[in-house]
Amino acid sequence: KEIPKSDRPQVQLFLMSFCPYGNQAEEVMMPVVDLLKDVADIIPRYIVSKNGDTYSSLHGDQELNQNVRELCVYKYQPEKFWDFLKEVNADCTYQDADTCWIGPAQTVGININQISRCQKQEFNTLLDQEIALTEQYNVSGSPTLLINDTLYQGSRTAEDFKQAICSAFNNPPEECSAVLGDEAEAAQGGC
């Protein structure tokens, strides 16, 4: 499907914080973010569900809490978000995230009190926003990549992600001429 063009593409990467395929997509997206962060909006989104007043995430309560912490980091310290993800992906699991996240946060210089406060005070608001977006775009699997509200269905390499995003510019910036290597394609699975 052809991606609509814009002056500043909006890229939304829908994930679950401990879906292994979502984590692979995050790792692949990191060099793309480094390259295009000043010219495109690359936004993490989280797939959660709600039954009555109870929120849930596929891999349990600690994943749900980590989804919220990652949303808080992106909201309040976005410049540290991708570094935080890299550390969490390397060190933490859905079984120990509620305590493990503090080490990665300290490593990248995140204000732990601010993120803990956000998690407590903005939990419902942030998750309701994510649920509304997953419903709006009919997203159910992690990872799902939308570029200018259009589903990306290509290969999961940094270069392929970059080319797809660059195809969405009205006038591609010079950053789009950089080549991000031809590393092995990430797994095609999903959660």
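## Second pocket

L13, A25, P143, T144, L145, L151, Y152, Q153, G154, R156, F161 and Q188 line the second largest pocket of this predicted model. A pocket here is an open set of points, on a 1 Å grid over the protein atoms alone, where a 1.4 Å probe fits, with protein on both sides within 12 Å along at least five of seven lines. Lining residues have an atom within 4 Å of a point.

The volume of the second largest pocket is about 150 Å³. Volume is the space filled by probe spheres set on the points, with points joined across faces, edges and corners. By class, the lining of the second largest pocket has seven nonpolar, four polar and one charged residues. Ala, Val, Leu, Ile, Met, Phe, Trp, Tyr, Cys and Pro count as nonpolar; Asp, Glu, Lys and Arg count as charged; the others, Gly among them, count as polar.

## Basis of the values

Residues are numbered from 1 along each chain as its sequence is written. The model is predicted: local features need pLDDT of at least 70, side-chain atom pairs count only at pLDDT 80 or more, and totals for chains, interfaces and linings use all residues; side-chain values use heavy atoms, with hydrogens and water left out.

## Largest pocket

The largest pocket has a volume of about 320 Å³. Its lining holds 14 residues. V33, K37, P78, E79 and W82 lie nearest the centre. Seven residues of this lining are nonpolar and seven are charged, with no polar ones.

Three elements each supply at least two lining residues: α1 (20–36), β2 (41–46) and α3 (81–91). Helices (H or I, at least four residues) and strands (E, at least two) are DSSP runs, numbered from the N terminus.

## Aromatic pairs

The count comes to five aromatic pairs. Rings of Phe, Tyr and Trp (its six-membered ring) pair if their centres lie within 6.5 Å; planes under 30 degrees apart are stacked, over 60 edge-to-face, the rest tilted. F14 and Y137 pair edge-to-face, at 6.2 Å centre to centre and 65 degrees between the planes. F14 belongs to strand β1 (residues 10–15) and Y137 to the loop between α6 (112–136) and β5 (144–147), so this pair ties together parts 123 residues apart in sequence. Both F14 and Y137 are buried; that means under 20% relative accessible area, with exposed over 50% and partly exposed in between (1.4 Å probe, protein chains only).

Y55 and F123 are also edge-to-face, at 5.8 Å centre to centre and 85 degrees between the planes. Y55 sits in strand β4 (residues 54–56) and F123 in helix α6, so the pair ties together parts 68 residues apart in sequence. Y55 is buried at 7% relative accessible area. F123 counts as buried at 17%. Elsewhere, ring pairs link Y74, F81 and W82 into a cluster.

## Q77

Q77 is found in the loop between α2 (61–76) and α3. Q77 is buried, with a relative accessible area of 9%. Leaving aside neighbours within four places in sequence, Q77 is in contact (heavy atoms within 4.5 Å) with C72, G109, I110, N111, Q114 and I115.

## Overall fold

The chain has seven helices and six strands. Along the sequence they follow the pattern β-α-β-β-β-α-α-α-α-α-β-β-α.

The C-alpha trace spans about 40 × 35 × 30 Å along its principal axes. The radius of gyration is 16 Å, which agrees with a compact globule of 191 residues, near 16 Å. That radius is taken over C-alpha atoms, and the globule rule is 2.2 Å times the number of residues to the power 0.38. Of the 191 residues, 51% count as buried. Among contacts between residues at least 6 apart in sequence, 76% join residues at least 24 apart.
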